[in-house]
Amino acid sequence: MAEPRGFHDVMTALDYPMSVVTAAAGGEHSGCLVGFHTQCSIDPARYLVFISKANHTYPVAAAARYLAVHLLDESQGDLAHIFGEQTGDAVDKFTRCRWHAGPDGVPILTESRAWFVGTVRSTFDTGDHVGFLLDPGEGEATAPLRPLGFQQVRGLHPGHDA
Ligand SMILES: Cc1cc2nc3c(=O)[nH]c(=O)nc-3n(C[C@H](O)[C@H](O)[C@H](O)COP(=O)(O)O)c2cc1C
């Protein structure tokens, strides 16, 4: 079913911040560019990310205890390209960037200036995506961020159709 036209126009007029969400489980690493993400509670602190069921990242995230959320800076178009246009079905994205292992092996992107790890509390089906409700844990913001916005990356060709 196609998106209603007016809704599509409103969504594509926005400039929401882009992130890379990573996961590790069963000896596998995965991660993808994510535009669908938001804080959703203050006390307790909670965050939501939405992963497409089609993505390589989805089954890894579904089996993972932790996800890492990296907010991208406008200078980090290279990470958006690696994680948004490549798929873990075909390439190992983690040979193309620097990272280290966080809790349970979840990849933390070394270049990231603003990231946190969240424990997956629950998941829920939202359509072609699945919502992951996160309980934020360790993280850091090492410098002020000028967020990489959707408008800067909307021309990328996703590694998977949603
Ligand atoms: C602008 C843009 C926004 C995206 N937003 C999301 C998103 O919110 N959730 C998601 O699961 N995929 C999103 N994607 C698609 C994935 O990042 C992309 O298909 C990626 O190549 C999948 O990698 P994987 O198969 O290794 O998981 C987006 C892609 C682009 C270009």
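Predicted model: local features only at pLDDT ≥ 70, side-chain atom pairs only at ≥ 80, totals over all residues.
## Strands 1 and 2

Strand 1 (residues 19-25) pairs with strand 2 in the antiparallel sense, over 7 bridges. Two strands count as paired here if DSSP finds at least two bridges between them. Helices (H or I, at least four residues) and strands (E, at least two) are DSSP runs, numbered from the N terminus.

Residues are numbered from 1 along each chain as its sequence is written, and side-chain values use heavy atoms, with hydrogens and water left out.

Helix 3 (residues 77-85) lies across strand 1 and strand 2 and runs at about 115° to strand 2. For such angles, axes are lines fitted to C-alpha atoms, for helices over the stretch in contact, and the angles run from 0 to 180 degrees between N-to-C directions.

Stepping back, you will find an open sheet of 7 strands in the order 2-1-5-8-9-4-3, with antiparallel pairing. Its edge strands are strand 2 (28-34) and strand 3 (37-41), each of which pairs on one side only. On average, neighbouring strands of this sheet are turned by 35° against each other, direction ignored.

With strand 8 (residues 114-125), strand 9 forms an antiparallel pair over 10 bridges; here W115 has E140 as its bridge partner. The hairpin of strand 8 and strand 9 has 3 residues between the strands, and G127 takes a positive phi near 135° in this hairpin. Strand 9 (residues 129-141) also runs antiparallel to strand 4 (residues 46-52), joined to it by 6 bridges, and L48 is bridged to L133 of strand 9.

## Around the ligand

The ligand is surrounded by 26 residues, the closest being S52, T57, Q86, T87 and G88. A residue counts as near a molecule or strand if one of its heavy atoms lies within 4 Å of it.

A backbone N or O atom of G88 lies 2.7 Å from a ligand oxygen. Polar backbone atoms of G35 and F50 take part too: the one of G35 is 3.0 Å from an oxygen atom of the ligand, and the one of F50 is 3.0 Å from a nitrogen atom of the ligand. Taken alone the ligand exposes 660 Å², and the protein buries 93% of that. These accessible areas come from the Shrake-Rupley method with a 1.4 Å probe; for residues, only the protein chains shown count as cover.

H56 sits in the loop between strand 4 and helix 2 (57-63). H56 counts as buried because its relative accessible area is 14%; buried means under 20%, exposed over 50% and partly exposed in between (1.4 Å probe, protein chains only). The H56 side chain makes polar contacts with the side chains of E28 at 2.9 Å and S30 at 2.7 Å. A polar contact is a pair of N or O atoms within 3.5 Å; within protein, one must be able to donate a hydrogen and the other to accept it, and residues adjacent in sequence count only if both atoms are side-chain atoms.

D104 is in the loop between strand 6 (99-101) and strand 7 (107-109), and is exposed because its relative accessibility is 55%. Leaving out residues up to four places away in sequence, D104 touches A24, R65 and Y66, where contact means heavy atoms within 4.5 Å. D104 and A25 are 79 residues apart in sequence and 8.0 Å apart in space, C-alpha to C-alpha.
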